[in-house]
Every structure is written in C-alpha cells, then in structure tokens.
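The following questions concern the predicted model displayed below. Please consult the sequence and the structure while reading the answers.

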Amino acid sequence: MLGVCYYPEHWPEARWTLDAAMMRDLGLTTVRIGEFAWSRLEPDPGHYDFAWMDRAIETLGAAGLKVVIGTPTATPPKWLIDAHPEILPVDIKTGHVRGFGSRRHYDFSSDVYLGEALRITTALAARYGTNRHVIGWQTDNELCCHDTAMSGSAAARQAFQHWCRDRYGTIDALNAAWGNVFWSMEYRDWDEIELPILAVTETSPSARYAYRQFSSDQVVRWHAAMVAAIRAHAKDQWITHNFIPMEQTGVDNFALCEQLDFVSFDNYPLGIADIALARAPADALMPFMRTGLPDLTALYLDQTRGLSKGAFWLMEQQPGPVNWAPHNPMPAPGMVRLWTLQAFAHGAACVSYFRWRQAPFAQEQMHAGLLRPDHQPAEAWDEIAQVAGELALLGSLADKAPQADVAVVVDIHSRYVSDIERQGAGYYYDRQLFRYFSALRALGLDVDCVAPGQDLTGYKLVVVPGLAAPGEADVAALMASDARIVIGPRSGAKTREFTFPEALPPGDLRGLVPVRVRAVETLRPDCNGALIAGNQRFESGVWRELLDVLDGEVLARYETGDAAVVRHGRATYVGCVTDDGYLRHLFEGLAAEAGLVTTALPPTLRLRRRGDLNFAFNYAPEPAEAPAPATAAFIIGSAVLSPYGVSVWRSE
C-alpha cells in the first residue's frame, strides 16, 4: 500500500474533496490525520469539537481511502499548559523548564499529564473505534524525539526515588550497588536521592545507568496506558507507533513496542545522512548527499522489521527536501521511487509519504510535500505514480518475508554504557553497530536485527557489535545458538549495576570465548595501530583491549604482538575497533563456513531479497550492472540498472 499524511485542519474544507480524489487517483490508499490537532479537537477544557474530524473522515472514506488516526498527545494545547504548568519537562542539561511553543512539551513522569493524555485518547477512541473508514491508530508522534525521554523535574525525581526503592529494597543495598562510598555519595534515605544531572563534574555512572533505565520504563509505562485506552474501544482496529531512528529515542524500543500490533518508522534518508556526516570531509558526503547512506537507511528498516517481528509501515517517507537538518538538498531524480521500493524489499507493508501539501506557514513551511503550497504537484509526484503502477507487478508481498540467515543483535544497554562512560572520545556504540551491519551488507547478505536474549534458532551467522552489560538471558541465547557468532569489543564490560564483572570482562561471555580483558587503551581516531591477520595488515584503534587467551585460536594480533581477535569453536571475539576491510574479511570467511553465498558490492550498489524476489538498488549517478544470473527474468528494470535505479527479478 501507499499512503500519505494529511492535515485537513490546515486547509479550507472546500478543498478536502478534491484532495481526496487526487490522492486516490495517484494510487494512494491510506491517510494519516489528527496527530497534532488537540487544540482543534478540544478548543476549550472539556469542550470537544469532533464535527470537523467527522466530516474529514467521511470525505476521505467516500473517496475509497482508509484512515489512520494519530492521537494528539505530542502537542498539549496552551490552555492545558496554563492550567497545569507542572506537566512541562525540565531540561537535564540546563535545569530550565522546556516551555510551550513547539511540540513534545510534556513530562513522562507527570501523573497529571498521564491523566489528560488518557482523557483525550479515550474520547477519540470512543468516537472512532468502530468507524468503518478508520483502520488503525498511531499513538502520539515520534516518542522521545528532541531529547525528551529524560526530564529533570520534581515529578521525575520523586518517581526515580520510588523506582530505586522498588528495585533495591534498602538504601544500603543501593549504596553498595552504586559504589556510593566513592566521593562520599552515600544516601541515608530514599528521599535524599538526586537525579544524576547538573552536578559540578560527572555524576555516578551507576546512578546515570539506573536513571536511563528508569526513564525508559517511564516512557514504556506511559505508552502502554495509551495503547490500553485505545484498545478498550477499538476492538477491530490495529495500533502502531511511528518510531524515529532507534539511537535517538534513548529508550528500550523492544519493550516500548510490545503492546503494538506492528511498528512504524519515519524515514528521512537525506536529513539523517547530513547529520551523520556533519563532520566528514566533503568527498565522503558528496556521493550520498542526494541519496542518503544506503546502509544506514537499510539498518533503520531492518531494525524496524525486528521491532515489528514482521511487516511494518513507513508512516512518514521523505518526498523532497526537509527543513530540520543543517543542510537540506533535493533528492536525486529517482530516489523517492528507490526509497519506496527499498522499504518494500526490507519488509514494509505500506509506505506513507509526509506530507500531502507543503504548508505555507509555521515551523515546517520549508518541508516538502507531494503538492507545493500552490496546490501543484511537486517533483516526487511522477515517481510515486510510477511506483503505484510497479507494485502491481510485484504481486502480494505478504508471504514473502522469510527469516534472513544473518542476525545482528541490537542492544540498548550498550548504547547507555557508550554514552555514560566515554573513555575514548571516538567510540560510539551506534557507530560500531552501523559498521558491522554495513560490512555485512557490502557482502550482499540480508540481515535481521534482533533483541538481546531473542531466540536465534535458524540463523547461520550471529553478529554482536557490542553487548556491554549482558543479562543472563542474553548470554543463554548466544550459548544455545549453533550459529557462528562474532562478538565486538566492550562486550561483557559491565554488570547491570555499571561495575566491573568479577574476573574482569567479558564476564559471562567467557563461556563462549575464554579470554580476559586485562587492560584497555583508547586512541585518537587519527592515531590507529595495526591489526595483523596472517600476512594481511589492517587497522585497529579508538578502542583496543589487551586480551589474555585462556583457550582458543588467535586470528589477529596488534603490532605489539598482543592478541586482538580470538576464536574458540564457533565464537569469535574482536577486542578492538577495526576497519571495514577486516570486518569484511572476517565476515566473508565465516559466511563461507556457514554455507552462505556472498557478493562483493561497491558502496553504491545494494541487494535485498524478499521471498523469491531479488531487488538491486543503484545509488550512483551512472548505470550499474545488476548481479543477477544470465537467465534472470526481470519484473522491474533490467540487467543494467539506470542511475538511481531499481531492478527486480525472480529467483528460480
């Protein structure tokens, strides 16, 4: 399916019928509405005005379009803030209240706001939970965007104290777990506990780690209440949420999506690439300035499929320049079509474009839509019309999403540890995750993204870029797998209380690879050392662990002769940040052992399989050869990929 995000409250009602007809004629079938409309739905406290939404839904439905309602809780109206200013969050970096005037101005620990959000959500669900034109619901909008997962409010402090009491039982147990004897940080009672923010220098890493987990739990608690309120009235309609890139939420997304029917994602390849490469040299950005980074987009799509445990939606797909990145170029001709087909190749069931018409007012007036502000089609229009026709050639994709042969474990605790304890300014867990994923995709391998502790049955290669503070279930899942396993550096580095494990890292992961990390050094990114594997020389740097090998084969050493990469049976431990060349070398060898066929791909060409369909995507401005067999029968495109083109063929 193809869809669009629409804001009927922005436009004269006289245009709604024409807009709906144009959507239908373009090939769109679903429309999301309502997610920022609280002030129009409840213009005064307790006074609801649903009449305009009734008419909007009826107009869209009469054109044959199906409606998704977004609950408007991301934008509490001014009258609510004036009545209850305590619902506003407090910035953890400055201690200042984050005020009204944009969006996401609420505190997940505010019980007052929880009640207000439940009230408007329940009112909407009661009115539209059986509406024949409404197929589903989106909770809120982009939870935790703009660094809103954590708040430094009085409500958050009190809730954190209660959370700590429930977790530790006694204040002495908390003091011992956090090592509060250090720097005289010991507490005498629960009400003395401070949020680990706004101190003179760094606060306790154990306290910060607990605060991250607490904040995640608060978001999950709040969201679960919203889902329950909808389900009470919308028995035959599904519920989803539109996630932003996973590293930006700061919460456990696997826990956050447990109550949903499926997961959605908001896909903005150019804006994300501009931010990701903000400090990179121009020659690194230029090839992908108008396309986005192929593997970063793929990583987000595969993470969304992993969260959804199957088919997912793109609730917002970029169709032109955005307004929020440092720089906002136009997509290359053909890229909106490519992004759309790429999403379907990675498991999407619907791609919904943001947005129908570019608004001539307010904060997002420079953000493109399918129509310009003068109501004329924008540049992406013809590409979307082309995709609408091509989807019919692919047939039903619902049964074409088998498990991949390769799994990458995505771990929120590794992200917390990386953020809290920098140690090396060049080490970022998310960068590690991306590089491991990218090395696999450069070999033409399909990848599933899975949670720590998830059943790994059926996978032939399991890659763990980092598992900094593994739980018992996380280790058990790896031990139970018969796949070849690769574990990256800083794994098993901490306990769940942010302390060193007994007998040193990698802690319980030593059952897979019997090594001990006796010391760690962190280097400047431009001061790398060597990584020597046989007669090949690669780079190692940023994070380097000195390993004592208790048992196993040393696959690579530093220039000092110390062990850097060790294999024991089916598991391999990589004790350093290394370059892309070594990762591809390692993965290619393990894939061959596992019976997986690899294809070395240039950076601008990527593959993805969905059932018996093979997709090839060309991110280059010149033609490329599709790595298809000579006998391939092409459904879309041909053996020669056009610039920024897509080819699809069926496997025999």
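Q: Which residues are buried in H18?
A: The model is predicted: local features need pLDDT of at least 70, side-chain atom pairs count only at pLDDT 80 or more, and totals for chains, interfaces and linings use all residues. Residues are numbered from 1 along each chain as its sequence is written, and side-chain values use heavy atoms, leaving out hydrogens and water. Helices (H or I, at least four residues) and strands (E, at least two) are DSSP runs numbered from the N terminus, and buried means under 20% relative accessible area, exposed over 50% and partly exposed in between (1.4 Å probe, protein chains only). By that criterion, the buried residues of H18 are Tyr-582, Leu-583, Leu-586, Phe-587, Leu-590 and Ala-591.

Q: What span does H18 reach from its first C-alpha to its last?
A: The expected span of a helix is 1.5 Å times one less than its number of residues. H18 covers residues 580-593, 14 residues in total, and 20 Å is expected. Its C-alpha span is close to that figure, at 20 Å.

Q: How far apart are the end C-alpha atoms of helix H16?
A: H16 runs over residues 429-441, and its 13 residues should span 18 Å at 1.5 Å a residue. Its buried residues include Tyr-429, Leu-433 and Phe-437.

Q: Which elements give two or more residues to the lining of the largest cavity?
A: On a 1 Å grid over the protein atoms alone, a cavity is a set of points where a 1.4 Å probe fits but cannot get out, a pocket is an open set with protein on both sides within 12 Å along at least five of seven lines, and lining residues have an atom within 4 Å of a point. Grid points are joined across faces, edges and corners, and a volume is the space filled by probe spheres set on the points. The whole structure holds eight cavities of 30 Å³ or more, and the largest has a volume of about 90 Å³. Two or more residues of its lining come from each of helix H9 (253-256), H12 and helix H15 (412-420).

Q: Is Gln-303 buried or exposed, and what is its relative accessible area?
A: Gln-303 belongs to helix H12 (residues 294-308) and is one of the residues that line the largest cavity. Beyond its neighbours within four places in sequence, it is in contact (heavy atoms within 4.5 Å) with Met-246, Val-410, Leu-433 and Cys-449. Gln-303 is buried, with a relative accessible area of 5%.

Q: How many residues of the lining of the second largest pocket are charged?
A: The second largest pocket has a volume of about 510 Å³. Of the 26 residues that line it, the closest to its centre are Asp-405, Gly-444, Asp-446, Arg-609 and Asn-614. Ala, Val, Leu, Ile, Met, Phe, Trp, Tyr, Cys and Pro count as nonpolar, Asp, Glu, Lys and Arg as charged, and the others, Gly among them, as polar. The lining divides into 13 nonpolar residues, six polar and, as charged residues, seven.

Q: How far apart in space are the C-alpha atoms of Asp-405 and Tyr-459?
A: Asp-405 sits in the loop between helix H14 (381-394) and strand E10 (406-409) and is partly exposed at 36% relative accessible area. Not counting residues up to four places away in sequence, it touches Tyr-459 among others, including Asp-446 and Lys-460. Asp-405 and Tyr-459 are 54 residues apart in sequence, yet their C-alpha separation is 4.9 Å.

Q: What is the relative accessible area of Val-542, a residue of strand E16?
A: Most residues other than glycine have a negative phi, and most peptide bonds are trans. Val-542 has a positive phi of about 65°, and Ala-503 has a positive phi near 65°. Ala-503 counts as exposed at 52% relative accessibility. Val-542, in contrast, is buried, its relative accessible area being 9%.

Q: What is omega for the cis peptide bond from Pro-505 to Pro-506?
A: Pro-506 lies in the loop between strand E13 (484-487) and strand E14 (515-521). A cis bond also joins Phe-354 and Arg-355, with omega about 15°. For the bond from Pro-505 to Pro-506, omega is near 5°.
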